[in-house]
Amino acid sequence: MDRNEGHEGGEAHTRSMETAGGTAWAISYESDITKVTMENLVVFSVRYYSPLFRKTWYDVPAELPACPEEGCYCAWLWIPDGCGIANMYMQNHRCKVTGSTSTKKLGVPKPPVWCVEDPSKCVTGPKQMMAWHQKTGNNVVAPWGKTPTYNQRMGYQDGAQDDIFVD
């Protein structure tokens, strides 16, 4: 059977829905790229079965505040699960949240932890993007032979991350 049969847009870089690993978007309200850090880049949306299909959408928290006049920085994130070599992807973008009247503030994100076997260990609230399998700067670990992914393995929920705000 043709791998793309019945799938508008076709698959990309994954073998199945189970190994898609999920992708995420993170935002920093810094307008100067040199000030964007792991501590101010907050994951705000996750899509579990991306990038299996080339076309997808991301839900944005309704109370995401507007960016400063100069804009924000956003990052698209993915760690492949068993597809090629162990690596991670981050694609930086200038972005701007517009039309928001929210006065909410984002909390300081924490590194997520592997918690699929014990959900009580999951980090709640704002989470950082994952840095894994790098020479330096890693902020997450996974059990031997496992890959951290933007899904329930690491405590991310599918869709808008509505728990990222300071109370």
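**Figure 1. Contacts of Val-97 in the predicted model.** Leaving aside residues up to four places away in sequence, Val-97 touches Ile-27, Tyr-29, Leu-64, Pro-65, Ala-66 and Cys-67, where contact means heavy atoms within 4.5 Å. This is a predicted model, in which local features need pLDDT of at least 70 and side-chain atom pairs count only at pLDDT 80 or more, while totals for chains, interfaces and linings use all residues. Residues are numbered from 1 along each chain as its sequence is written, and side-chain values use heavy atoms, with hydrogens and water left out. Val-97 sits in the loop between strand 4 and strand 5; strands (E, at least two residues) and helices (H or I, at least four) are DSSP runs numbered from the N terminus. With a relative accessibility of 18%, Val-97 counts as buried, a class that means under 20% relative accessible area, whereas exposed means over 50% and partly exposed lies in between (1.4 Å probe, protein chains only). The C-alpha atoms of Val-97 and Leu-64 are separated by 7.5 Å, although these residues are 33 apart along the chain.

**Figure 2. Surroundings of Lys-127.** Lys-127 belongs to the loop between strand 4 (89–95) and strand 5 (159–160), and its relative accessible area of 4% makes it buried. Not counting residues up to four places away in sequence, Lys-127 touches a set of residues including Leu-41, Val-42, Val-43, Pro-109, Met-154, Tyr-156 and Asp-163. The side chain of Lys-127 also reaches the backbone oxygen of Val-123 at 3.3 Å.

**Figure 3. Salt bridge between Lys-127 and Asp-163.** The closest N and O atoms of this salt bridge are 3.9 Å apart, a salt bridge being a side-chain nitrogen of Lys or Arg within 4 Å of a carboxyl oxygen of Asp or Glu. Because Lys-127 lies in the loop between strand 4 and strand 5 and Asp-163 in the segment after strand 5, the pair ties together parts that are 36 residues apart in sequence. Asp-163 is partly exposed, with a relative accessible area of 35%.

**Figure 4. Salt bridge between Asp-158 and Arg-47.** The structure holds 5 salt bridges. In one of them, Asp-158 pairs with Arg-47, and their closest N and O atoms are 3.0 Å apart. Asp-158 lies in the loop between strand 4 and strand 5 and Arg-47 in strand 2 (residues 42–47), so the pair ties together parts that are 111 residues apart in sequence. Asp-158 is partly exposed at 36% relative accessibility, whereas Arg-47 is buried at 9%.

**Figure 5. Salt bridge between Arg-153 and Asp-81.** The closest N and O atoms of Arg-153 and Asp-81 are 2.8 Å apart in this salt bridge. The pair links distant parts of the chain, with Arg-153 in the loop between strand 4 and strand 5 and Asp-81 in the loop between strand 3 (72–78) and strand 4, 72 residues apart. Both Arg-153 and Asp-81 are buried.

**Figure 6. The largest pocket.** The largest pocket has a volume of about 210 Å³. Of the 14 residues that line this pocket, Tyr-29, Pro-65, Lys-104, Lys-105 and Leu-106 are the closest to its centre. On a 1 Å grid over the protein atoms alone, a pocket is an open set of points where a 1.4 Å probe fits, with protein on both sides within 12 Å along at least five of seven lines, and lining residues have an atom within 4 Å of a point. The lining divides into 7 nonpolar, 4 polar and 3 charged residues.

Note on methods:
Polar contact = N/O pair within 3.5 Å; in protein donor to acceptor, adjacent residues only side chain to side chain. Points joined across faces, edges and corners; volume = space filled by probe spheres on them. Nonpolar A, V, L, I, M, F, W, Y, C, P; charged D, E, K, R; others polar.
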